[in-house]
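Good morning, colleagues. Please look at the structure on the screen while I take you through its strands, its helices and a few individual residues.

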Amino acid sequence: ILPWHFFMFNLKSWLKRAYSILGRNWNQYQFIIKRLEEWRWGSKEICDYPVWEQVDFSWPFGHFLLKNTDCSKIFIGTGTGFVPLYFQINETLKNWNKNPIKYIFWVRTVIDTFYLDKLDEIKKNYPNFSYEIYLSREEKEWFQKWYVLDYLTPEKLKNFKEAYLCGSPAMVWDAKILLEKWGLKKENIYSEQY
């Protein structure tokens, strides 16, 4: 299993649902699944399974893979793009990359944030890691206002050699344009959109 692979779960309702891997520990894999109460994409169904329920799945899938390079990297995500990027960030740091690693992530409001304690723990353990969370619908202390694209300026990007983008198609498209405009080579920009 490599960052970013995902599993395709075959649910009892005959739905197939893809979930990116958040992390791994030997033969155990972690996922984040947001429970949506209305019938949508099978998240309620899978969240209602009893503990230890066996679920059929296929794996691994995915082509948005972390490159095994020891260089500065910026990770930019929105929404469900959090999960594969989180896995990639952990893997690059565990491989002793000492160059700057930056994570820029967007949600609408503070209520939509999650895993901040885990990001703080990574930051504490790896001094070369930093992150910023952008909120588009409210202003709060410790958070940036508006969108991740606001971070993408020549001054802030000049020290990064690789970029990983995951999230909404509009963000991925616009971020690619800005990253290339401000000097990142096209072949060093990797992306996946949902």
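Strand 6 and strand 7 pair in the parallel sense, over six bridges. Two strands are said to pair if DSSP finds at least two bridges between them. Helices (H or I, at least four residues) and strands (E, at least two) are DSSP runs, numbered from the N terminus.

Before I continue, a word on the source: this is a predicted model, in which local features need pLDDT of at least 70 and side-chain atom pairs count only at pLDDT 80 or more, while totals for chains, interfaces and linings use all residues. Residues are numbered from 1 along each chain as its sequence is written, and side-chain values use heavy atoms, with hydrogens and water left out.

How many residues of strand 6 are buried? Six of its six residues are, where buried means under 20% relative accessible area, exposed means over 50%, and partly exposed lies in between (1.4 Å probe, protein chains only). K73, F75 and G77 point one way from the strand, and I74, I76 and T78 point the other way. In a regular strand the side chains alternate between the two faces of the sheet.

Strand 7 and strand 8 (residues 129–135) run parallel and are joined by seven bridges; V107 has L135 in strand 8 as its bridge partner.

Axes are lines fitted to C-alpha atoms, for helices over the stretch in contact, and angles run from 0 to 180 degrees between N-to-C directions.

Helix 2 also packs with helix 3, at an angle of about 20 degrees and with the axes 12 Å apart. Helix 2 is therefore roughly parallel to helix 3, a term for angles under 35 degrees; over 145 counts as roughly antiparallel, 65 to 115 as roughly perpendicular and the rest as oblique. F82, Y86, N90 and L93 of helix 2 make the contact with K118, L119 and I122 of helix 3.

Within helix 2 there is also Q88, which is buried at a relative accessible area of 0%. The C-alpha atoms of Q88 and F64 are separated by 10.0 Å, although the two residues are 24 apart along the chain.

Finally, the loops. Most residues other than glycine have a negative phi. W96, in the loop between helix 2 (82–94) and strand 7 (101–107), has a positive phi near 65 degrees and is exposed, at 61% relative accessible area. Y115, in the loop between strand 7 and helix 3 (116–125), also has a positive phi near 65 degrees, but is partly exposed at 26%.

Conventions
Contact = heavy atoms within 4.5 Å.
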